[in-house]
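Subject: Handover of a structure and its findings

Dear colleague,

Please find below the structure that I am handing over to you. I would ask you to keep it open while you read the notes that follow it.

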Amino acid sequence: MNPTTLTLSRLSRYKEYGPIFLRLLVGVRLIYGTQDNVFSGARMEEFIHFLGQFGFPFPEVCAWLSVYAQFIGGILILLGAFIRPAALVMILNFLVAIFMVHLPAGDDFLNTYQALTMLFISSYFLLSGAGKLSIDEWLERRASSLKQLTA
């Protein structure tokens, strides 16, 4: 049997499209997970109280920052727009979630899994970018075209 058949190496030509699947998953999850806080004052109050229980300083400010960072970050990640800055914000957000909520609460791996997943996928986006079919890629192509026109 041909080794190329076993490793499916012919698919390598499509590797730039891989991030779209992670962007869809993470973007939708971030938007879905925060939309209730964005559109409901009562839900935001619950989150503020939750953060207060874990000793966050200025829990109102922290709640608003976290919710809107995730909501807007989710939109940006979904679209592949400014993904590296969005990913950096998500890395910081989920590091805080892990160290200020999950570890002090004694959460096991499964209860911390979603925050870890967001942390690791955001790290991937920070290092690798948005891939094809993204606004970032379109902006890069456009900038390259403009540069060639002015040169």
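A nonpolar core is a set of buried Ala, Val, Leu, Ile, Met, Phe, Trp, Tyr and Cys residues joined through side-chain atoms within 4.5 Å. Buried means under 20% relative accessible area, exposed means over 50%, and partly exposed lies in between (1.4 Å probe, protein chains only). This is a predicted model, in which local features need pLDDT of at least 70 and side-chain atom pairs count only at pLDDT 80 or more, while totals for chains, interfaces and linings use all residues. Residues are numbered from 1 along each chain as its sequence is written, and side-chain values use heavy atoms, with hydrogens and water left out.

The cores

The largest nonpolar core has 18 residues, and those with the most contacts inside it are Val-26, Leu-30, Ile-77, Met-90, Phe-94 and Phe-125. Which elements give two or more residues to this core? They are H2, H4, H5 and H6, and H5 gives the most, with eight residues. Here, helices (H or I, at least four residues) and strands (E, at least two) are DSSP runs, numbered from the N terminus. A second, separate core has nine residues, including Leu-51, Ala-63, Val-67 and Phe-71.

For contacts, the rule is heavy atoms within 4.5 Å. Not counting residues up to four places away in sequence, Val-26 touches Ile-77, Met-118 and Ile-121. Ser-122 is found in helix H6 and counts as buried because its relative accessibility is 1%. With residues up to four places away in sequence again not counted, Ser-122 touches Ala-87, Met-90 and Ile-91.

Helix H4

Helix H4 covers residues 59-79, which makes 21 residues. From its first C-alpha to its last, H4 reaches 30 Å, close to the 30 Å expected at 1.5 Å a residue; the expected span is 1.5 Å times one less than the number of residues. Among the buried residues of H4 are Pro-59, Ala-63, Val-67, Phe-71 and Ile-77. Against which helices do the buried residues of H4 pack? Their partners are helix H2 (19-39), helix H3 (41-53), helix H5 (83-105) and helix H6 (109-128). Gly-80 follows H4 and has a positive phi, near 70°.

Tyr-68 is also found in helix H4, but it counts as partly exposed because its relative accessibility is 26%. Leaving aside neighbours within four places in sequence, Tyr-68 is in contact with Val-38, Met-44 and Gly-73. Tyr-68 and Ile-31 are 37 residues apart along the chain, and their C-alpha atoms are separated by 9.5 Å.

Salt bridges

A salt bridge is a side-chain nitrogen of Lys or Arg within 4 Å of a carboxyl oxygen of Asp or Glu. How many salt bridges does this rule give? The count comes to four.

One of them joins the side chains of Arg-43 and Glu-46 (3.6 Å, N to O). These two residues are separated by about one helical turn, because they are three residues apart in helix H3. An α-helix has 3.6 residues a turn, so residues three or four places apart point the same way. Arg-43 is partly exposed at a relative accessible area of 37%, and Glu-46 is partly exposed at 46%. Asp-36, Arg-43 and Glu-46 are linked in a network of salt bridges.

Glu-137 takes part in a salt bridge with Lys-132 (3.4 Å, N to O) and in another with Arg-141 (2.8 Å, N to O). Arg-141 and Glu-137 both lie in helix H7 (residues 135-150), four residues apart, which is about one turn of the helix. Is Glu-137 buried or exposed? Glu-137 counts as buried, because its relative accessibility is 17%. Lys-132 is partly exposed at 29%, and Arg-141 is partly exposed at 45%.

Leu-8, Leu-11, Tyr-14, Tyr-17 and Leu-133 form a nonpolar patch on the surface, with about 530 Å² of accessible area together. Such patches are made of residues with over 30% relative accessible area and no salt bridge, with like charges joined within 9 Å and nonpolar side chains (Val, Leu, Ile, Met, Phe, Trp, Tyr) within 5 Å. Accessible areas come from the Shrake-Rupley method with a 1.4 Å probe, and for residues, only the protein chains shown count as cover.

Tyr-17 lies in the loop between H1 and H2 and is partly exposed at 34% relative accessibility. Ser-12 lies in the loop between helix H1 (3-7) and H2, and is partly exposed at 43% relative accessibility.

Yours sincerely
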